[in-house]
Amino acid sequence: MNKQDLLYHYFSNSLTPEQETVFQNLLKTDTEFKAQFEFENHLKKAIKSHENDRLKTTLQDVEREINMPKHHTLFNYKSFAVAASIALLVGWFGYNTFYSINYNSLYDSSFSEYPNTVYTITRSDDENSIEREAFVAYETKNYQIAIEKFDAVPENIQKNYVSFYKAQAYLGMENKEEAKVLFEQIVNENKSFVAESTWYLALIAIKKEDKEMAKIYLESLVNNYTYNKDRAQKLLEELK
Amino acid sequence: MQRVQENITITDLKKGSDLLFRKIYEDNRGKFLNFAKKYHLPHEDIIDIYQDAYIVFYNNVMEGKIVEFTSSISTYLFSIGKYLIFDKMKKNNKTINPDFDLSLIREKEELVDPNIDMDQDSLTTEQILLKRHFATLGKKCQDLLTLFYYRGYSIKDIIDTTDYASENVVKSAKSRCMKTLKERINSN
């Protein structure tokens, strides 16, 4: 193993005890090696600080979103009066557009990709199965590859959850039609992820501005499952 | 996603999903704000501390300092947050609530899991320079070096999770990035 490989293993915490001994000896005896190690160690700290800044910015954005005023469908007398005046000015069409349900915003505020909770991808995992590759692609948002890999999982070893994650990958690619077909199949077959699929079917209906269908899925969720029950209830109120 | 939250593992978090990162932040935010109320700090300071505590927690998971959850995520966040609150109180001696007894402030060892790295050291001049030049690298280089040094990925992990096709491709890409970085520092 050359010196560069030793450094690779050091920074991925994978030095064997024997390599560790060689590594420590080199630090003591080889000034060039020591200088390179120190440079990389400083770089590690610099990158961590850079990453901390990025994480902090992300959290500040999340905080801003949390504090953003919510879209209200109910309005008080005053706002009604203002709205009515606007209606008089711009006509019924303008009024109706102004107060109609904002389906896109409802969808955006409710949608989040379902995390991989079924397949563990560990660093030391040497297994190189198609399913693992599919989830690695899914985790890294390479949805097209994920779909291809999910499709390539042999049917006889295909787990119940594969269809659900394939549907998620389609959603990630904004292909709602394909996602919908798969979610419907899951709900009909009544296997794993039925409640979750019902939730995503409701969201797809919202995105398509199909209020009635969305209400059917949301009511099914509220009446039959605990998954996202409160959120479904809230959405139902917004859709009234 | 009730079912998911209850069973979040180190492995889930280490996958680096932005979604999960955000979800855990949101799920524990209310509990933390409630917990921190008793210290009578301004709301924006508490939010700031919660964010910092969350980042410390996240980094410790990513760097393998927390290898398994011995308590719930909120307990970790309270513990780290409490340390940061006390630290802030010590620094802002004059602004703390007069009713609060400073003698209650104990040492770090008593507050947090001793394995947790609070990482409050400021950067050295060399590290500041490196950070500044790292930020000027292209996105591919930044991503590769971040996977390598921050996430502690092995070359095999990098091949598995990115578009790099082979070990040699990763190694030469990394060495090109390092070369560019060194050149930029030297021309400074």
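This is a predicted model: local features need pLDDT of at least 70, side-chain atom pairs count only at pLDDT 80 or more; totals for chains, interfaces and linings use all residues.
## Two helices side by side in chain A

Two residues are in contact if their C-beta atoms, placed from the backbone, lie within 7 Å. Lys3(A), Leu7(A) and Phe11(A) of helix 1 of chain A meet a set of residues in helix 3 of chain A, namely Phe33(A), Gln36(A), Phe37(A), Glu40(A) and Lys44(A).

How do the two helices lie relative to each other, in terms of distance and angle? The axes of helix 1 (residues 3–11) and helix 3 (residues 31–67) of chain A come within 11 Å and cross at roughly 30°. Angles under 35 degrees count as roughly parallel, so helix 1 and helix 3 of chain A are roughly parallel to each other. Their crossing is right-handed.

## A second pair: helices 11 and 12 of chain A

Further along chain A, another pair is worth a look. The axes of helix 11 and helix 12 of chain A come within 9 Å, with a crossing angle of roughly 150°. Since angles over 145 degrees count as roughly antiparallel, helix 11 of chain A is roughly antiparallel to helix 12 of chain A. Here the crossing is left-handed.

On the helix 11 side of chain A, the contact is made by Lys211(A), Ala214(A), Lys215(A), Leu218(A), Glu219(A), Leu221(A) and Val222(A). Helix 12 of chain A brings Lys229(A), Ala232(A), Gln233(A), Leu235(A), Leu236(A) and Leu239(A). By class, this contact has eight nonpolar, one polar and four charged residues.

## The loop between them, and a loop in chain B

The loop between helix 11 (211–224) and helix 12 (229–239) of chain A holds Asn228(A). Asn228(A) has a positive phi of about 50°, although it is not a glycine. Is Asn228(A) buried or exposed? Asn228(A) counts as buried because it has 22 C-beta neighbours inside 10 Å, and the cut-off for burial is 20 or more.

His40(B) is partly exposed, with 14 other C-beta atoms within 10 Å.

In soluble globular proteins, nonpolar side chains tend to be buried together. The largest nonpolar core here has 38 residues, and Ala146(A) and Ala202(A) touch the most other members. Elements giving two or more residues to this core include helix 5 (103–110), helix 6 (130–139), helix 11 and helix 12 of chain A. Helix 10 of chain A gives the most, with nine residues.

Leaving aside residues up to four places away in sequence, Ala202(A) touches Ala214(A), Tyr217(A), Leu218(A), Leu221(A) and Ala232(A). Apart from this core lies another, of 24 residues, among them Tyr25(B), Tyr50(B), Tyr54(B) and Val56(B).

## Where the chains meet

How many residues of each chain take part in the contact between chain A and chain B? There are 38 residues of chain B in contact with 34 residues of chain A. Several helices of chain B each supply at least two residues to the side that touches chain A, including helix 3 (18–36), helix 4 (43–62) and helix 8 (139–150). Helix 4 of chain B gives the largest share, six residues. This side of chain B has 18 nonpolar, eleven polar and nine charged residues.

Notes: Residues are numbered from 1 along each chain as its sequence is written. Chains are lettered from A and ligands numbered from 1 in the order in which they are written. Helices (H or I, at least four residues) and strands (E, at least two) are DSSP runs, numbered from the N terminus. Ala, Val, Leu, Ile, Met, Phe, Trp, Tyr, Cys and Pro count as nonpolar, Asp, Glu, Lys and Arg as charged, and the others, Gly among them, as polar. A residue is buried if 20 or more other C-beta atoms lie within 10 Å of its own, exposed if 12 or fewer, and partly exposed in between; C-beta atoms are placed from the backbone. A nonpolar core is a set of buried Ala, Val, Leu, Ile, Met, Phe, Trp, Tyr and Cys residues joined through C-beta atoms within 7 Å. Axes are lines fitted to C-alpha atoms, for helices over the stretch in contact, and angles run from 0 to 180 degrees between N-to-C directions. Angles under 35 degrees count as roughly parallel, over 145 as roughly antiparallel, 65 to 115 as roughly perpendicular and the rest as oblique. A crossing is left-handed if the near helix is turned anticlockwise from the far one by less than a right angle, and right-handed if clockwise.
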